[in-house]
Amino acid sequence: MKNIHPSAAFIYFIAVILVASFSINPGIVVISVMGGLLFYGMLCGNVSKFMSHIAFCAVVWIITMFINVIFSHNGVIIILFVNNKPITMEAFLYGAAMGGMIAAALTWCRCLSIIMTDEKVMCVMGGILPKLALLFSMALRFIPRFRAQIKKVTEAQRAMGLYQEDSVIQKFKSAIKVFSAVVTWSLENAIETGDSMRARGYGKKEKRTSFSIFKFGKRDGMVIAISLALLAATMGAMSKYKFYYYPVVSEIKVSYWSGIMWTAYLILAVMPVILEIGACVKWKFCRSKI
Amino acid sequence: MYSFVKRFMVVLFCFLLILCGNIPKIVLASDNHVLINGIIEWKKIETLDESAGTSSTDWYVIALGDYEPEGTFSDYLKAATKFVNNLGADGFENDRINDLQRMFLAIDASGGDSSGYITQADIFSNDKYAIKDRTINELIFGLILADKTNYVFEGNVKSADFIEAIILLQLADGGFALSGTRSDTDMTAMAVQALSPYVKENLEVSKCVDKAVNTLSLMQKDTGDYSSFGVRNAESTAQVLLALCKMDIDYENDSRFIKQGNTVYDGLLLYKKDDGSFSHILGGNGNDIACAQTLCALVETLNKKVENTPTPEIATNVPTETATTEPVATVSPTETISLPTETVVPNNSAVTTNPEIENKNNISLYIKVGLFGIIAISTFLFLVIRAKKHGIKNKAFIADLALILVITVIVGIAINSLDIKTPQQYYAETNKQVNTKEIGVSISIDCNTIYNNSTNIDTSLKESGLLPENGEILPRTDCSISEGSSVFDILLNMTKESKIQLEYAGGITNSTYIKGINYLYEFSCGSLSGWMYKVNGEFADVSCSDYILKEGDVVEFVYSCDLGRDIGQNWSGEDMAP
């Protein structure tokens, strides 16, 4: 996936994330969570990082579930009345599906940010929307820079003996101090960036050329075509097979349309893994010939 | 070791702090003492000795005789003895036999010896007044008196004569009454009390008492209390409670005496006033006789609790025996309708759901204790981790401790304030506002308009089959509600009563917005759909919780699919004109 053309990767991610973040069909949610985690695990390759992401997703999932239960009282199966408002099974299930959806979208966006580096973002959008592309890539770049700066300031404070972290309250106070310093830095940094960009001639009226090192090949075209076809199949089948949570949870029906939907999306979700495995097989195959 | 003990004490303290909010709920046994002392305090205004011979004072002494056995009533005893001695020959006439019996009971309860008077009054002899000619009231009191005073029968009269006479007076519907053919709650309950000691020995008695107990079960109101001569009152309820205690029926758990989740005990507490007394009717003032009879019942329940014996055989055996040997014993529905009480209908569904209510009675407590446990454990873990890192005397640890204590207490208070109920408990609740005047209004909920826009209805809703076919979610129903209630109050009450789902946003007292009724929500039928309400045919321009009802108002909740235009709301009214 890392080697294919940015535009193909971009379209693929749009296809996956579009479905993952808008469908609350339990099958789609399960597939997108599993596929996302599989892909993310393959990309990060670091067990502790992967586990912490899973823990994060679990927390998001549980919080979403309970928040939905607190605010939604629709549903036929009532478990309890809390403060005279019903807590329903349907709200729990809807919250669970919603939490899964959010976790899946988060996971896929992490994968996106690993695959789509600044360079690739500029390559995809630089020609069409140069300003937006620049803004996007700068904004994305800003987060890791901000974190790095926080780490830097914290370490400096700690070295000077000013960063107290014995009790929770002290830790909180110190963190606030560092945060305020870093916010000041970021504002200053933004002005500096603007100045230096202007000094280099950014913002002139003439259309600027763009350059990228990526070449669009036959395989990239295939990826785009397959992604779009699977997306169309999933969306089409989804409009035929609707799943409801309120007021009664509909049954999970295995039918013609649901079969198409799940299969198409399953293929879409595991496509990167298939590509990777295919590359490995091809590599082995080629080597054995030599 | 010392530091560990200190740490443990701190955690224990946290836990206790959280739990102490719930302690009143856990320690329930002292409730009865509080109630009894409340009545005693209230009653202290009067002196007992001067009013000997009046019904309420006698009852009061009879009740307290069991509660404070030793010498408390010497003044009363003197006064009562004097009173009886002064009665003279006329005082022992037959027509006053009932009053005498009650007084003798009181004298006995206050520690005196009434056997001489009993003989003098010929209560247990056929000489002046034949046993079989006596009224049910006299028979019942006679039997109770004989039991209480351990009277030794002499001559040709036995306790069996009384029992036989009482059984003969049993009515077709299983109860007893002073006159007429309809059972009266008080008489039935008192008959059960009088016969209760003989149930084990005598099969006839056991059958008779079974019938009477069944009748009492059918007579109970949904609120748990009882009525006599068409008026719900505390005395009847107290007598039934007393009868149940005498029969060793577990009134807290026996499904026959739990209506809509309310026990007889709950019913009795409806009559409690703030000053500790009990009223005769709902919302009335404290009443002497009501207090005295309630006291009798409370003392008896207390005695049962103190004994804490497992339910004796009779209580469990009796119903099955009735079912097998004599199917007629259970009162048939047609007979029940003839009872004087208005709402006595054999409620089978209530009986079947009742065991569930019993099991889940304390679910709120369990959930809260569980949550407290989780918080306590996490607090403990946090403190242990911090203490390990810094040591117990470190300033940083103390700061942490303060922080976590504050958080724990806040969360604990928040959890404690939650009101958790099972659906059964929720729907069994009734509006227990008693002290206010009630007004009659009517309400209907209608969603007929959705069928004119059936293409727009949410598919899920259409498929669920939860929408009524004619659009009538709640047909026009007359109901009463306390004065000053809003349209929202009546909606809330009636949806609760009819178990209709209701979701609203905003407060209960102002700016309430009805999101959905019976799973039909705003936007469920197109983007202009939602609930609106009319009072007396006119759309109001305030939130339903801000509209105060008047007597005779007709409230209609109607579902609109077109911002009110399809249900007759004309938005180009005068207010809208420039």
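This is a predicted model: local features need pLDDT of at least 70, side-chain atom pairs count only at pLDDT 80 or more; totals for chains, interfaces and linings use all residues.
Close-up 1. Is B:Ser511 buried or exposed? B:Ser511 is exposed, since it has 12 other C-beta atoms within 10 Å, and a residue with 12 or fewer goes into the exposed class. For background, most residues other than glycine have a negative phi.

**Close-up 2. The open sheet of chain B with strand order 8-9-10.** Three strands make up this sheet, and they pair in the antiparallel sense. Strand 8 (502-505) and strand 10 (520-521) of chain B are the edges: each has a single partner strand, so one side of each goes without a neighbour in the sheet. Strand 8 of chain B holds on to strand 9 (residues 513-517) of chain B through four bridges, antiparallel. If you want one pair to look for, B:Ala505 sits opposite B:Tyr513 of strand 9.

**Close-up 3. Strand 6 of chain B with strand 7 and strand 13.** Strand 6 (residues 438-446) runs antiparallel to strand 7 (residues 472-482) of chain B, with eight bridges joining them. Here B:Val441 has B:Cys479 of strand 7 as its bridge partner. Which way does strand 6 of chain B run relative to strand 13 of chain B, parallel or antiparallel? Those two run parallel, with five bridges between strand 6 and strand 13 (residues 554-560) of chain B. For that pairing, find B:Ser442, which stands opposite B:Val554 in strand 13.

**Close-up 4. Helix 22 of chain B and what covers its buried residues.** Which residues of helix 22 (residues 487-497) of chain B are buried? They are B:Val487, B:Phe488, B:Asp489, B:Ile490, B:Leu491, B:Leu492 and B:Met494. The cover over the buried residues of helix 22 of chain B includes strand 6, strand 7, strand 8, strand 11 (530-535) and strand 13 of chain B. Strands 6, 7 and 13 of chain B, then, turn up here again as part of that cover. Just past the end of helix 22 of chain B comes B:Lys499, with a positive phi of about 55°.

**Close-up 5. B:Asn536, in the loop between strand 11 and strand 12 (538-539) of chain B.** B:Asn536 is no glycine, yet its phi is positive, at about 55°. B:Asn536 counts as exposed because it has 11 C-beta neighbours inside 10 Å, and the exposed class takes residues with 12 or fewer.

**Close-up 6. Where chain A and chain B touch.** Chain B puts 21 residues into this contact and chain A puts in 19. On the chain B side, helix 19 (395-416), strand 5 (420-421), helix 20 (423-428) and helix 21 (459-464) each supply at least two residues. Sorted by class, that side of chain B has eleven nonpolar, six polar and four charged residues. Look for A:Phe81, whose bridge partner in strand 5 of chain B is B:Lys421.

**Close-up 7. Helix 5 of chain A crossing helix 6 of chain A.** The axes of helix 5 (residues 118-125) and helix 6 (residues 130-160) of chain A come within 9 Å and cross at roughly 165°. That angle is why helix 5 of chain A is called roughly antiparallel to helix 6 of chain A, the cut-off being over 145 degrees. The crossing is right-handed. Helix 5 of chain A brings A:Asp118, A:Val121, A:Met122 and A:Met125 to the contact, where they meet A:Leu132, A:Ala133, A:Phe136, A:Ser137, A:Leu140 and A:Arg141 of helix 6 of chain A. The residues of this contact split into seven nonpolar, one polar and two charged.

**Close-up 8. Two loops of chain A, one with A:Arg208 and one with A:Pro247.** A:Arg208 lies between helix 7 (168-199) and helix 8 (218-240) of chain A. A:Arg208 counts as exposed because it has 9 C-beta neighbours inside 10 Å. A:Gly127 is 81 residues away along the chain, and its C-alpha is separated from that of A:Arg208 by 8.9 Å. A:Pro247 belongs to the loop between helix 8 and helix 9 (256-289) of chain A. The peptide bond joining A:Tyr246 and A:Pro247 is cis, with omega at about -10°.

Definitions and conventions. Residues are numbered from 1 along each chain as its sequence is written. Chains are lettered from A and ligands numbered from 1 in the order in which they are written. A residue is buried if 20 or more other C-beta atoms lie within 10 Å of its own, exposed if 12 or fewer, and partly exposed in between; C-beta atoms are placed from the backbone. Two strands pair if DSSP finds at least two bridges between them. Two residues are in contact if their C-beta atoms, placed from the backbone, lie within 7 Å. Ala, Val, Leu, Ile, Met, Phe, Trp, Tyr, Cys and Pro count as nonpolar, Asp, Glu, Lys and Arg as charged, and the others, Gly among them, as polar. Axes are lines fitted to C-alpha atoms, for helices over the stretch in contact, and angles run from 0 to 180 degrees between N-to-C directions. Angles under 35 degrees count as roughly parallel, over 145 as roughly antiparallel, 65 to 115 as roughly perpendicular and the rest as oblique. A crossing is left-handed if the near helix is turned anticlockwise from the far one by less than a right angle, and right-handed if clockwise.
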